[in-house]
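Trainee: I am new to this structure and would like to go through it step by step.
Mentor: Here it is; ask as you go.

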Amino acid sequence: MAGNITFSMIKPDAVGKGYTGKILDRFISEGFKIKAMRYTRLCKCEAETFYAVHKGKDFYEPLVEFMTSGPVVALVLEKENAVADYRTMIGATSNPAEGTVRHQFAESTRLNAVHGSDSDENAQIEAGFFFAQRELL
Ligand code: GDP
């Protein structure tokens, strides 16, 4: 399965503005199959752990605050070349290109609507952070 899945999150800004359905529709229409999905909310400790790689950066604390500010939708998506294709679909962290999900739905670098894994290894780690093994069969 490695190489064929990515972990995705619809972040609190996009969920709060009612974009969940439109974003899911985009994922599906671009050929991603939903393997697992959960509507949930992160506590501070979970957000800190999820973004631990950024600890110490100036945007870390505001990022944790943002990610705990409301519910998220966590997803495992399946497609050939999932990590790279998903990141192309969502666009860059800052100044996302026209036609990308972030260009359409993000309002700033921080409030940028969606998360996506940056490697196959992190896709596995992030999927395992949110979902039990039996939910990923
Ligand atoms: P991603 O892989 O595109 O989500 O980007 P990163 O893993 O580098 O950063 C994680 C998240 O932190 C991003 O999605 C943004 O929500 C936020 N972030 C990253 N860089 C910055 C920054 O320079 N400024 C601010 N305000 N937020 C940032």
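Trainee: Among contacts between residues at least 6 apart in sequence, what share joins residues at least 24 apart?
Mentor: First, this is a predicted model, in which local features need pLDDT of at least 70 and side-chain atom pairs pLDDT 80 or more, while totals for chains, interfaces and linings use all residues. Residues are numbered from 1 along each chain as its sequence is written, and side-chain values use heavy atoms, with hydrogens and water left out. A contact means heavy atoms within 4.5 Å. Of the contacts in the chain between residues at least 6 apart, the share joining residues at least 24 apart is 79%.

Trainee: What percentage of the 137 residues is buried?
Mentor: Buried means under 20% relative accessible area, exposed over 50%, and partly exposed in between, with a 1.4 Å probe and protein chains only. By that cut-off, the buried part of the 137 residues is 43%.

Trainee: Are the rings of Phe-7 and Phe-130 stacked or edge-to-face?
Mentor: Rings of Phe, Tyr and Trp (its six-membered ring) pair if their centres lie within 6.5 Å; planes under 30 degrees apart count as stacked, over 60 as edge-to-face and the rest as tilted. The count by this rule is nine aromatic pairs. For Phe-7 and Phe-130, the centres are 4.9 Å apart and the planes at 25°, so the pair is stacked.

Trainee: Is Ala-113 buried or exposed?
Mentor: Most residues other than glycine have a negative phi. Ala-113, in the loop between helix H6 (101-105) and strand E4 (114-116), has a positive phi near 70°. Its relative accessible area is 0%, so Ala-113 is buried.

Trainee: What is the relative accessible area of Asn-81?
Mentor: Asn-81 also is not a glycine, and its phi is positive, about 60°. It sits in the loop between strand E3 (72-78) and helix H5 (82-90). Asn-81 is partly exposed, with a relative accessible area of 42%.

How values were computed
Helix = DSSP H or I, 4+ residues; strand = E, 2+ residues; numbered from the N terminus.
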